[in-house]
Amino acid sequence: MTKAHIQASRTPAEIVEMPASVRVVPISQGRKPMVEISKLYKSYGPIEVLKGCDLVVERGEVVVICGPSGSGKSTLIKCVNGLERFDRGALVVDGVRVGERASDMTSLRARIGMVSQHFELYPHLTVLQNICLAQVHVLKRSKVEAQAKARALLARVGLPDKEGAYPAQLSGGQQQRVAIARALAMDPVAMLFDEPTSALDPEMIGEVLAVMLELARDGMTMIVVTHEMGFARKAADRVVFMDKGAIVETAPTQQFFDEPRAERAKLFLSRILSQ
Amino acid sequence: MNYSWNWSILIQPPYLGWLASGLELTLVISISAWILALIAGTLVGVVGTLPHRIPRMLAATYVGMFRNIPLLLQLFLWFFVVPELLPSGWGFWLKRDLPFPELWTSMLALGLFTSARVAVQVGSGITAVSSGQRMAAVASGMSPAQAYRLVLLPQAFRIVLPPLTSDFLTVFKNSALALTIGVFELTAQTRQIESFTFQGFEAFTAATIVYLVIALLVTFFMRTLERRVALPDTMGAAS
């Protein structure tokens, strides 16, 4: 049975239950990695927030970054699309050297989707306008084309009837799903998620994670900062554990949960999983 | 009080015409000054929120200068002093060839004075929009100019619309100072009617009512604008 055949015969429920190891889209495809972080350092004044982080994310790979608060997870992910500057080290994203003056950061940012903790939908625009804004003004798509794309994505995240609503009229979970649709509308080559569910009520976390899980199954390259270990188990290829600005463990998902090596990671897992 | 009231002079020629032409100049000066203030003030307000230090300092200097010098003094400086400081050819053109120099000067002086106040309002409006909004816009590939135009300014203006209404009202009242450099706007015409007819109470009452009506109309216009651009709130029924 071919891979395409397998994919076609799966129901959505089966896709959700499918372990990451049988994903349809092959990782990397022999091309250069999506993200190469080497020896990254950053300080806020006297406080060192990144202490020589190294991380390579292949194309099609899903990497979950976890660790205690203040460990530098968010800072690291914001460095990837240049929202935060770093002091030393090298960072290449989709062939672009981030942090160099000559690099075209604007076009890099346009093809790296970002979803943040507080959704950051534009409150003065409707859901449809939110999803169309960057498509029209950055990618120069026609309004008709952008709206068609927006409607298709709204259906995909399960909100086909909300296009005329303003962000304030939506629940947190709905807002975050619109934010994901807004990022996907740019046809990103990779998606960054910065604690996408930590501002949500517990009953809304599931609906956002389901959308993210489907995205991972479709082969999107994803770097996800999250405390949702259930999501990591189901979707991640690798888990990165950070503590005090350093990456203390990088391991394939199964291995990370079954036999974490770093003491700090063991402690973190035992605490978070016993909740 | 031994005063013979004569309200009818207000509708007699030529006095009614004087009031009308005074009102016209008041409106022309105030509205053009307000347009200038909105444009310059928005630019300076934006510059004041840029991430780099030098533009921020320039914006602060601009605001400090135009906000801290009394408006009357600014009028005199623009009208009497600036033409002397310019290269002589320009100075001559301003003093001799430019038609209605007092009118242009009062528009410019009032506009720049008000622009400093608008800049502060717009700047604080932009600051009041969460930094995450700027980040979201930039992360989607927008240029800084696009982020301001499409995301930050539309929100900032909604926030500062009520204080901007106050500044818009103040422009009309401040425009009366233009009479000091010879503009025959509403207050100047009122004084002229008084000296021609000795019916000062009637004339000043008329001016008071006209200023009041302008203020009420402007307030109504701005309230309508506020309502039109208001966003549905969390509990809104539109969902």
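**Exercise 1. The largest nonpolar core**

Task: Identify which residues of the largest nonpolar core touch the most other members, and state which element supplies the largest share.

Solution. Step 1. A nonpolar core is a set of buried Ala, Val, Leu, Ile, Met, Phe, Trp, Tyr and Cys residues joined through side-chain atoms within 4.5 Å. Buried means under 20% relative accessible area, exposed means over 50%, and partly exposed lies in between, with a 1.4 Å probe and protein chains only.

Step 1. This is a predicted model in which local features need pLDDT of at least 70 and side-chain atom pairs count only at pLDDT 80 or more, while totals for chains, interfaces and linings use all residues. Residues are numbered from 1 along each chain as its sequence is written, chains are lettered from A and ligands numbered from 1 in the order in which they are written, and side-chain values use heavy atoms, with hydrogens and water left out.

Step 2. The largest core has 55 residues, and those that touch the most other members are I180(A), M191(A), F193(A), M212(A), M222(A), F231(A) and F256(A). Helix 8 (residues 202–217) of chain A gives the largest share of this core, 9 residues. Helices (H or I, at least four residues) and strands (E, at least two) are DSSP runs, numbered from the N terminus.

Step 3. Contact means heavy atoms within 4.5 Å. Not counting residues up to four places away in sequence, I180(A) touches V115(A), M191(A), F193(A), V208(A), V211(A) and M212(A). Another core, of 46 residues, lies apart from the largest one; V46(B), L103(B), A136(B) and L152(B) are among its members.

**Exercise 2. Salt bridges**

Task: For the pairs D94(A)–R111(A), R141(A)–D187(A) and R151(A)–E163(A), give the distance, the location and the accessibility of each residue.

Solution. Step 1. Side chains of opposite charge can pair when their charged atoms come close. The rule used here asks for a side-chain nitrogen of Lys or Arg within 4 Å of a carboxyl oxygen of Asp or Glu. Over all chains, the count is 17 salt bridges.

Step 1. D94(A) and R111(A) form a salt bridge at 2.7 Å, N to O. D94(A) is in the loop between strand 4 (88–93) and strand 5 (96–97) of chain A and R111(A) is in helix 4 (residues 105–111) of chain A, so the bridge ties together parts 17 residues apart in sequence. D94(A) is buried at 17% relative accessible area, and R111(A) is partly exposed at 24%. A network of salt bridges links R59(A), D94(A) and R111(A).

Step 2. R141(A) and D187(A) meet at 2.6 Å, N to O. R141(A) sits in the loop between helix 5 (127–137) and helix 6 (143–156) of chain A, and D187(A) in the loop between helix 7 (172–184) and strand 7 (190–194) of chain A, so parts 46 residues apart in sequence are tied together. R141(A) is buried at 15% relative accessibility; D187(A) is partly exposed at 41%.

Step 3. R151(A) and E163(A) meet at 2.7 Å, N to O. R151(A) belongs to helix 6 of chain A and E163(A) to the loop between helix 6 and helix 7 of chain A, so the pair joins parts 12 residues apart in sequence. R151(A) is partly exposed at 39%, as is E163(A) at 24%.

**Exercise 3. Strand pairing**

Task: Describe how strand 1 of chain A pairs with strand 2 and with strand 4.

Solution. Step 1. Two strands pair if DSSP finds at least two bridges between them. Strand 1 (residues 35–44) and strand 2 (residues 47–57) of chain A run antiparallel, joined by 8 bridges. K42(A) stands opposite L50(A) in strand 2.

Step 1. These two strands form a hairpin with 2 residues between them, and G45(A) in the turn has a positive phi of about 60°.

Step 2. Strand 1 also pairs with strand 4 of chain A, in the antiparallel sense over 5 bridges. I37(A) stands opposite L91(A) in strand 4.

**Exercise 4. Cysteines**

Step 1. C66(A) is buried at 0% relative accessibility.
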